[in-house]
Amino acid sequence: MTKKKQARLIQTAAMWCAEHANPRQPRFDVACVLMQGTQVQQVEYLENAFDTTGSDFIF
């Protein structure tokens, strides 16, 4: 994931959180799925893949 994509995702999440009040701190998990045709070959799940530390957005 590029920094630009990450920033866009963080911005989108901040907008969603502003509209849907929740006392919990969100986290960003990422699921990577390797497919061959219609068959799943491999799944990699990254819990808390990145955080918003240092971003302009406060959740």
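**Figure 1. Contacts across the chain in a predicted model.** Among contacts in the protein chain between residues at least 6 apart in sequence, 37% join residues at least 24 apart. The model shown is predicted. Along the sequence, the protein chain reads α-β-β, with one helix and two strands in it. Of its 59 residues, 12% count as buried. The chain exposes about 5,200 Å², and carbon and sulfur atoms supply 53% of that area.

**Figure 2. Confidence along the chain.** The average pLDDT of the protein chain is 84, and 88% of the residues score at least 70. Where is confidence lowest, and where is it highest? The lowest value belongs to helix α1 (residues 3–19), with a mean of 87. The highest belongs to strand β1 (residues 28–36), at 93. Where pLDDT is low, the predicted coordinates should not be read in detail.

**Figure 3. The salt bridge between Arg 27 and Asp 29.** Side chains of opposite charge can pair when their charged atoms come close. Two salt bridges are counted in this structure. In one of them, Arg 27 pairs with Asp 29, and the closest N and O atoms are 2.9 Å apart. Are these two residues buried or partly exposed? Arg 27 has a relative accessible area of 46%, so this residue is partly exposed. Asp 29, at 28% relative accessibility, also counts as partly exposed.

**Figure 4. The salt bridge between Glu 47 and Arg 27.** Here Glu 47 forms a salt bridge with Arg 27, with 3.6 Å between the closest N and O atoms. This pair links distant parts of the chain, since the partners are 20 residues apart. Glu 47 sits in strand β2 (residues 39–50), while Arg 27 sits in the loop between α1 and β1. Glu 47 counts as exposed because its relative accessibility is 53%, and the cut-off for exposed is over 50%.

**Figure 5. A nonpolar patch on the surface.** Four residues, Val 33, Met 35, Val 40 and Val 43, form this patch. Together they have about 360 Å² of accessible area. Strands β1 and β2 are the elements that give two or more residues to the patch. Val 33 is placed in strand β1. With 47% relative accessibility, Val 33 counts as partly exposed. A residue of a patch needs over 30% relative accessible area, and the value for Val 33 is 47%.

**Figure 6. The backbone at Asn 48.** Asn 48 is not a glycine, yet its phi is positive, at about 55°. Which element holds Asn 48? Asn 48 lies in strand β2. Its relative accessible area is 45%, so Asn 48 is partly exposed.

**Figure 7. Cysteines without a disulfide.** A disulfide is a covalent bond between the sulfur atoms of two cysteines. How many disulfides does the structure hold? The number is zero. Cys 17 is partly exposed, at a relative accessible area of 24%. Cys 32 likewise counts as partly exposed, at 34% relative accessibility.

Note on methods. Residues are numbered from 1 along each chain as its sequence is written. This is a predicted model: local features need pLDDT of at least 70, side-chain atom pairs count only at pLDDT 80 or more; totals for chains, interfaces and linings use all residues. Side-chain values use heavy atoms; hydrogens and water are left out. pLDDT is the predictor's confidence in each residue, from 0 to 100. Helices (H or I, at least four residues) and strands (E, at least two) are DSSP runs, numbered from the N terminus. A salt bridge is a side-chain nitrogen of Lys or Arg within 4 Å of a carboxyl oxygen of Asp or Glu. Buried means under 20% relative accessible area, exposed over 50%, partly exposed in between (1.4 Å probe, protein chains only). Contact means heavy atoms within 4.5 Å. Accessible areas come from the Shrake-Rupley method with a 1.4 Å probe; for residues, only the protein chains shown count as cover. A disulfide is a pair of cysteine sulfur atoms within 2.5 Å. Patches are made of residues with over 30% relative accessible area and no salt bridge: like charges are joined within 9 Å, nonpolar side chains (Val, Leu, Ile, Met, Phe, Trp, Tyr) within 5 Å.
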